[in-house]
Structure formats: C-alpha cells, structure tokens
Amino acid sequence: MILQCSNITKSFDGKDIIKASSFHIEENEKCAIVGSNGVGKSTLLNIITGLLSPDTGNVIISSGIDTGYLAQSDAVDSENTIWEEMLLAKADLLEEEKEIRLLEKQMKELKGIELESVMKRYSALNSHFERENGYAINSEVTGVLKGLGFYENDHQKKISTLSGGQKTRVALAKLLLKKPKLIILDEPTNHLDLSSVEFLEGFLRAYKGAVLVVSHDRYFLDRIVTKVIDLENGICTVYSGNYTAYAEKKKQARDTALKAYLNNKAEIEHQEEVIRKLRSFNREKSVKRADSRQKLLDRMEHVEKPPQFNTKMNLVITPSIISGKDVLSVMDLSMSFPGRNLFKDICFEIKRGERVALIGNNGTGKTTMLKILTRNLRPVSGSFRLGTNVKIGYYDQEQQLLTPGNNLFEEISDAYPDMDNTSIRNTLAAFLFCGEDVFKLTDVLSGGERGRLSLAKLMLSNANFLILDEPTNHLDIDSKEILENALNEYEGTVLFVSHDRYFINSVATRIIDLAPEGSEGLNGITDYVGNYDYYLEKKEELSSASVSGTVTVSASDSDNKNDWEKQKAEKARQQKLDRDLKKCEEEISSLELRQGEINELLTHDDIATDVSRCMELTKELDEISSKLEDLYTQWESLSS
C-alpha cells in the first residue's frame, strides 16, 4: 500500500462534497476516480496531493513515494524550447552524466589511492546511470514527444509560442519522463488525439509505478485501470476491475436496491389489500386471518427508498420526416488554407439510417469537413449533394451557433418562435436548466452547460440528418450514455466527429478514417463498416494495402434462446394466475350477491310460512357458504 485515504470529509459553504470516504492504492496499481460533473473528483485529487486540507480524515503516502500531479488546467509556461523543457525532467541524470565524464578525465591523470577512490565513485555512478536508462535519454524524450504529437521539427519551438492544448501536452510529457512512483492525472486525454491517447494508454499500462486518474474517457479507463473509485453523493465506493466491470456492478447494485424497494412496496400494498378484502368478507374466520396478516405486516421490514438521481438529461431526438435513401454524396472534395493542405479529392456516400464516425488525427480536417457540409465554409474544389427531404441538425463543438447576449430562454424562443413559455421551460428543465437558470446569458455558461443547451436545440430541430462535432466534450459519463442511447434509437442518419472511442464504439455503424494528403487509402480516406473495435481489428490488416476497400462485418446475434423461453413460460404462468384470480373474485362476488338475496327472501312473511320453500333456500344458503369457504381459501392462496 502506497497511498491510504481514511475517513476524508470536505465541505464548502456548508455543503458536504466528500463524506467520510476511505480507500487505498497499492504499488503498481492503476486506479480511476469516476463520478458526474461537480461531485468533487478534482477536490479529492487536490486533497490527496496536499493542495487542499480535508476537514477530517487523513491522507497517508508511504515513505519514499514521490508523486507527480497533472491537473486539468496545468500547462508549462516557459521561454525554453520543448526539448530544453523535457531535459529538465532528466536533470538529475544529466548531472550524473556530467560527473561521469569529469571522473573519466580525472582517471587518466590519477594514480594509486586517489585513482581507486575515483574509480569506486565512477563505478557506482555508472551503474545507477545505466539502471535509469541514462544512455537512452535522447531516444526516450524523442519517443514520448512523438507519442504525444510532437515531431522533430517541433523540438526547437519555444513553449511560449504554443497553444494552450500544446502546453498541456508538454506538461504531460515532462511528467511521464520524470517517472514518479505515483502518477496522478486529472482528465489527461482532453487535449490528445486518438493516436496520442493510444500512446498514453500503452505507456501507463507498462508503467512500473502506480497511477491514479480522473477521466470521462471510458475506453481509456477500460484499457488502463484495474480498480474504480466511484464518488457519488459524497461517498466513495470501490469496485475491482475496469470501467465496464464497474458499470455492470454498479448497475446491478442499483437494480438490486430498486428491485428490493419496489418488491417490498408491492408486497406491503398487496398485504394491505388482502387484509382489507378479508375484513370485507365480514366472517369471523376471515377477520381472524386479517388480524393475523396485520400482525405479520406490522413486523415486516420496510426497505428504504433508494436515492433518486434527478440529474440526468431527458434526450429524445425525433425526425419530422423521413429522408430519401441517399442522404449525402461527397464528390472530389478538396480543402486547403494558405501554406496548409488538409484533404484532396475526397469521395464518399452516406445512406439513410447509417451512423458514421469521421475520425483522424488532429489537423486532418475533420471539423473543416463538417463545416463545409453545413455550408459554413466553401471548399477549394469539389462538391457535395444532399438527398431528397434531408434536413440537417448541426452540433458545433465550439457552440458558436449560440447567440451572444441571449439568455437561455431567448436562445430557444428565437430559434423556435412557435413554442409557448411552458414548453420552453419544460425543454430547458429536461436539460437540467431550472428556475432562474433559464435567464443565464449564453456568454457565461460553462462548457458543459453550452453543450447541454446545444443538445436541447438539436432535440427541437426535428432534423433527419444530424452532423455532430465532438458532441461528448464537457459531458459527464451519465450524459454521454444518455446521448448514446438517444442516437442509437434515432431513426434518422448521423455523421459525427469524436475522440471518444467508447462513444464511437457504442454509436457508429461505420467509420471513415480521414488521413493526411498523400497517405495510404483511397483519396485520403479509409472506409470501415463497423464500430471502433472492428476498425482496430481491420486497420492492421489494411495498413499494408495501397488502396482501401469497404469491408463488411455482420453484427453478431446475442439473443439467448433459453432466456427467451424462460421469460415466455413465466409470462404465460403469470397470465394464467391473473385469469384464475379474476375468475375466483367473480365467483365470490356472484355467490355473495346470491347469499344477500336469499337472506333478504328469508325475511319475507310469505317465504317464512312456506316450509318447503324455506328449506330449499336454507339448503342453497348452506351450499353457498360451503363454496364461499373454499373460494376464500383459494383467493387467499392465489393472492399470496
């Protein structure tokens, strides 16, 4: 065990963010902290790294364990070149190398005891230098920089000239080169393209140290972590396994808790109904049974209602009309900017119902392609054609289509003037904007809030062709899953750009890999008919081909015949039980009605004086009582 958190509690403004939470991390363990936006994940990391103090509890880091922490907003700010900054991560080894070179010079001039002392020091330094891979510093630095998207022509660039995302990648590269025994990362994949994320995955999987990471990248978590710490309602719950294992276990736990509550509630309501019915029979035996059942009910355990999570969007996207079979045809599309070619002579088609992911490294022109298709940019050459009855709904990753100076209410009402105030408020509430939130200006919204507002507008558009640019940016895991479900149930067509491989894997039925001009692949693209896992499987097979083809994969049928037959049998059994119960209740009702009629007749003078008639009715009454006794018992059995 290298890190232990015991009973950590932290509050802000009287609100508990973290409540008496405990967990530990062992040597070489890869661990994730997950939870919705705003639950306190970054706060917990700041407590672990000592940037914040807990209100109660302790953080214990084992002696000799050095840590390296990269926060979301961390970036290197320096006048050094990228290469110079990387070498600072190896400063100790470089100093050792200088001393080794100095000792080598001294050994040429010394003799006797002095030489023996210097040689002893030289041997110790050289052994340590070799163990730490000191002779491969340059290649190690080059490898990490290349993995994170910096090539040799970038090495001498001054950090001060880089973008914010590039500076964050420099900070990450520097941390990886330092190789602390515990790496702590907060959303490390935010500024990485797919190839850089894959490099980071490989690096961390092979890393001979412990890793603690906060991330919304579920595919990344699946490939890295072996333990998940779920932070919800201030409580940390530890699950073993990767993200998928955690998600399944958490769903099972939630389903079990909800099922236990609903079963308990239904049983209580059922027993109360049985007791009421038994009392309504107004018979001594039935009343006794009702009293007995009431005592059992009073002693029955009442399961507490599980906490309700009303923090999820309600997203349903419905096209207003069905488009033609041919949705989009792209013909010889080329785009470049001064000094920079993006893509050339791109051709592809999209058919109705397809969900197509456009992927590729940063700078290949994915967002530019979407802007051309939505007529926000003009291509250098080539053209595209939309099919019959195609209506586009566009989600812009920068949310530039939101109107500056508008509040949320105005943003919806301006776009959809026929909507009344109640409908607008209900729509905004479905995307977690309630009360006075609807009067927030779009200018002050966070990235997540802007994303939710854009999704709300998209839902109202009734489009049958959705074009989405990084729709999962700034969304927490729950919101991503809601969007995935909505797109999978969507009856229209989808073209989207995303770096979220889990999202691509869940949604895409086809992948177009946009490669830099001149790389292998037909006209700069390679077309894969399948999801992201299929893409990875086939990419290696096609990497040596000079041209790409479309490869079709058939979806596997996961239906379980035995489960289906069991469900069918159970449904038939329940239907028969319901019919028997209904029939029993109808017979009881009919006999009780006849019983009442006979009792009424026996009070009439003409019947009372007619011995034969009186005996006949009395006999029928006895038969009814006997039948009712059997039916009451049968009803109670069927109702249990």
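User: Which residues are linked in a network of salt bridges?
Analyst: Glu201, Asp217, Arg223 and Arg501 make up that network. A salt bridge here is a side-chain nitrogen of Lys or Arg within 4 Å of a carboxyl oxygen of Asp or Glu. Bear in mind that this is a predicted model, where local features need pLDDT of at least 70, side-chain atom pairs count only at pLDDT 80 or more, and totals for chains, interfaces and linings use all residues. Residues are numbered from 1 along each chain as its sequence is written, and side-chain values use heavy atoms, with hydrogens and water left out.

User: How many salt bridges does the structure hold?
Analyst: There are 32.

User: OK, what does Glu411 pair with?
Analyst: Lys457, with 2.8 Å between the closest N and O atoms. Glu411 sits in helix 12 (residues 408-415) and Lys457 in helix 14 (residues 447-460), so this bridge ties together parts 46 residues apart in sequence. Helices here are DSSP runs (H or I, at least four residues), numbered from the N terminus.

User: Is Glu411 buried or exposed?
Analyst: Buried, at 2% relative accessible area. Lys457 is buried too, at 18%. The cut-offs are under 20% for buried, over 50% for exposed, and partly exposed in between (1.4 Å probe, protein chains only).

User: And which residue does Lys285 bridge to?
Analyst: Glu629, the closest N and O atoms being 3.3 Å apart. That one links distant parts of the chain, since Lys285 is in helix 10 and Glu629 in helix 20 (residues 611-639), 344 residues apart. Lys285 is partly exposed at 44%, and Glu629 is partly exposed at 22%.

User: Switching topic: how many cavities of 30 Å³ or more turn up?
Analyst: One, from a search of the whole structure. A cavity is a set of points on a 1 Å grid over the protein atoms alone where a 1.4 Å probe fits but cannot get out.

User: What lines the largest cavity?
Analyst: Lining residues have an atom within 4 Å of a point, and they include Leu70, Arg169, Asp186 and His191. Helix 6 (residues 164-178) gives the largest share, three residues.

User: How does the lining split by class?
Analyst: Five nonpolar, four polar and three charged. Ala, Val, Leu, Ile, Met, Phe, Trp, Tyr, Cys and Pro count as nonpolar, Asp, Glu, Lys and Arg as charged, and the others, Gly among them, as polar.

Technical notes
On a 1 Å grid over the protein atoms alone, a cavity is a set of points where a 1.4 Å probe fits but cannot get out, and a pocket is an open set with protein on both sides within 12 Å along at least five of seven lines; lining residues have an atom within 4 Å of a point. Grid points are joined across faces, edges and corners, and a volume is the space filled by probe spheres set on the points. Helices (H or I, at least four residues) and strands (E, at least two) are DSSP runs, numbered from the N terminus.
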